[in-house]
Amino acid sequence: MKIEWLGLSCFKITSNGASVVLDPFTGVRGYGEVHTSAGLALKSHDHGDHAFLEGVELVDEPQGVFDVTKLASFHDDVGGKKRGPNVIHVLSAEGLRVAHLGDLGHLPDEALVDALKGVDVLLIPVGGFFTIDAKTAKTIADQIAPKAIVPMHYREGECGHAVIGTLDEFLSLYNKEEITRLDGNSFEVGDYSGVVVPKFEG
């Protein structure tokens, strides 16, 4: 299974000729908007930086490769009263599981943690303001104990919302030997453990 980071919280996941794009965006500083193709496009919520489904051309691909589980959560820490609901997507294929937390804004309850425990890859927002912040993300990652953690929805240089936290704020919570910065924007699930940071390639 291959994971490709397209910027902010958008990922393209491919397995056995099938692909899924999660949280395609438009109008994000430094990233512009997503233009790609896939067999399926999913959004965690209706904000434009996560729901630009028009940017994904849907193409014919093998069916039934991915099992998609949707888990209910919130975009804030007050039961959705500020920013509404958020959908966590768990994609399963090849005996592997990848969880995309969308714009999660709160600590998950025990049932949600149990549903996510031990995933192979956890795609987790770390920038705060609109989502959980770096420290909360670390707490959640420790609870779920994935094999690999991929931070998303952060600010780095001229990329990302100006009001959210930086990637370094999250990485500072880990030892250097736990962090792998990739030379490209994609990797195969199982190739890395710890914190994995893809490189935005535009």
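**Helix and salt bridges**

A: Helix α2 (residues 134-144) holds both K138 and D142, which sit four residues apart, about one turn of the helix. Helices here are DSSP runs of H or I with at least four residues, strands are E runs of at least two, and both are numbered from the N terminus. This is a predicted model, where local features need pLDDT of at least 70, side-chain atom pairs count only at pLDDT 80 or more, and totals for chains, interfaces and linings use all residues. Residues are numbered from 1 along each chain as its sequence is written, and side-chain values use heavy atoms, leaving out hydrogens and water.

Q: What do the side chains of K138 and D142 meet in?
A: A salt bridge, at 3.0 Å from N to O. The term means a side-chain nitrogen of Lys or Arg within 4 Å of a carboxyl oxygen of Asp or Glu.

Q: How many salt bridges are there in the whole structure?
A: The search finds seven. One of them pairs R181 with D168, their closest N and O atoms being 3.9 Å apart. R181 lies in strand β12 (residues 179-181) and D168 in helix α3 (residues 167-171), so this pair ties together parts 13 residues apart in sequence. Shared partners join E156, D168 and R181 into one salt-bridge network.

Q: Switching topic, how many helices and strands does the protein chain have?
A: Three helices and 14 strands.
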